[in-house]
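Subject: A structure to look through

Dear colleague,

Please find below the structure that I promised to hand over to you. Have a look at it first, and then read on for what was found in it.

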Amino acid sequence: MNQFRSIRGMNDLLPEKSPLWQYVETTLNTLFTQYGYREIRFPLLESTQLFCRAVGETTDIVEKEIYAFDDKSGDSIALRPEGTAGCVRAVIQNNLLATPQRLWYSGPMFRYERPQKGRLRQFHQFGVEVFGISGPDIDAELLIMTARLWAQLGIGSAVTLQINSLGCSNSRATYRDALVTYLHKRYDQLDADSQRRLERNPLRILDSKNPTTQELLTDAPCLLDFLDEDSAAHFTQLRSLLDAAGVAYTVNPRLVRGLDYYGKTVFEWVTDSLGAQGTVCAGGRYDGLIAQMGAKSTAAAGFGLGIERLVLLLETLNALPATIDRQLDAYLLAVGDVQSTALAAAEQLRSALPWLRLQTHCGGGSMKSQMKKADKSNAEYALIIGEDEAKNGQITIKYLRTQVPQQTIALTELPQRLQDEKKCTKQRRD
Ligand code: ATP
Ligand code: MG
């Protein structure tokens, strides 16, 4: 019989890896809370039309990557390929735009891409969206906040920030014409993808990975020379805010985002430690989108951060906290006919020490075989209840990772003992 396999590009997260994900998720959650951002959750499925409208008909996401299908009543619905469209739909529908909003979300996104390292069909993002704040100060805040994240994760030196300004839609249209004129003269030298984009979405040619195309672009008109006054001032102010905050960046005039809705500021945090999938976090300003979705024109900016790529980066750089491997503090052995005593002792301990990660051995077996499991569990202590201990209200504590000799003590003394031990371990670590 054929065994079931997961769908290509959709991975399981196994228990040995989940502490690493939890570490990243907790760090991000705490960071956003620290900056006064609030969580929003919205569905994984939306009408396909929402993504066509919000993300753009000519983007790779909508043209090639979207998982869309008809539901049983014949409506076209799609798995979300990114978070901004659903988030914007939710804030409009729920009338959240009367006051400024700083929001974050996380969860799976779906794109039909060619799976490879750091590129999946179900991947996971943290996203941040800010609504109702139009100045460069909020753009700077987003970047300062992400810079703090890298520092906290200990990977500050492995990621660099690239920024650019796309200007307003008028200045972008003027630039677009200049670029198209320039490239039309060199049409035959363009790669096939870029030839196709020349009609549909010429700005995307700027971030073509094709070396010949990049070479051709050396003397192409530069986006930054076409900026309107307002966008130019916004960009200058953003740069001076970043300088003042000590956030290093390079201006990359060929940085354009794959999505249609951006204008003014765009940015990417990139690393060269992950090969071709080097963008860990990307975003920018999209002041035009909310009006385009039928609501009152509202300023907006945000970013998306790929968790798979971040986790890969932490692993590649060996930037994992030492404590991440230990998922248990104690393993409780029940040797002999002592199951009810062992279960009761475990409950008492959990009530007394809520921080304690305690696993109770189930299924019996000899002292030797249970001890083997305790050792393999990576716990710090084995706690043993045999028939003697059960009779005398005692418990034996065996130190699995240090040379301290084992001791048998009264069960009632154990919580205090473990509490003291925890303090010592922490002091040793600090
Ligand atoms: P790329 O150029 O790598 O395809 P993108 O421009 O399509 O990225 P965004 O739509 O801006 O990516 O998504 C934000 C972030 O989500 C990316 O910077 C990346 O970290 C992550 N990401 C995007 N697509 C994938 C994917 N298929 N698998 C894993 N992570 C992804
Ligand atoms: Mg992509």
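**What was found**

Cys281 is buried, with a relative accessible area of 1%, where buried means under 20% relative accessible area, exposed over 50% and partly exposed in between, taken with a 1.4 Å probe and protein chains only. Before going further, please keep in mind that this is a predicted model, in which local features need pLDDT of at least 70 and side-chain atom pairs count only at pLDDT 80 or more, while totals for chains, interfaces and linings use all residues. Residues are numbered from 1 along each chain as its sequence is written, chains are lettered from A and ligands numbered from 1 in the order in which they are written, and side-chain values use heavy atoms, with hydrogens and water left out.

The structure as a whole holds zero disulfides, a disulfide being a pair of cysteine sulfur atoms within 2.5 Å.

Next comes the ligand. Ligand 1 is surrounded by 15 residues, and the closest are Arg111, Glu113, Arg119, Leu120 and Arg257; a residue is counted as near if one of its heavy atoms lies within 4 Å of the molecule or strand in question. By class, this shell has five nonpolar, five polar and five charged residues, where Ala, Val, Leu, Ile, Met, Phe, Trp, Tyr, Cys and Pro count as nonpolar, Asp, Glu, Lys and Arg as charged, and the others, Gly among them, as polar.

Several N or O atoms of the protein approach the ligand. A polar side-chain atom of Glu113 lies 2.6 Å from a nitrogen atom of ligand 1, while an N or O atom in the side chain of Gln125 is 3.0 Å from an oxygen atom of the ligand. In Thr279 it is a backbone N or O atom that lies 2.9 Å from an oxygen atom of ligand 1. Taken alone, ligand 1 exposes 590 Å², and the protein buries 87% of that, with accessible areas coming from the Shrake-Rupley method with a 1.4 Å probe. Strand E6 (122-131), strand E10 (279-285) and strand E11 (300-306) are the elements that give two or more residues to the shell, and E10 supplies the largest share, four residues; strands (E, at least two residues) and helices (H or I, at least four) are DSSP runs, numbered from the N terminus.

Finally, which charged side chains pair up? The count comes to 21 salt bridges, a salt bridge being a side-chain nitrogen of Lys or Arg within 4 Å of a carboxyl oxygen of Asp or Glu. One of them joins Glu315 to Lys17, with the closest N and O atoms 3.2 Å apart. Because Glu315 lies in helix H11 (residues 307-316) and Lys17 in the segment before helix H1 (18-34), this pair ties together parts that are 298 residues apart in sequence. Glu315 is partly exposed at 28% relative accessible area, and Lys17 is also partly exposed, at 36%. Asp60, Lys64, Arg197, Arg204 and Asp207, in turn, are linked in a network of salt bridges.

With best wishes

Conventions: Polar contact = N/O pair within 3.5 Å; in protein donor to acceptor, adjacent residues only side chain to side chain.
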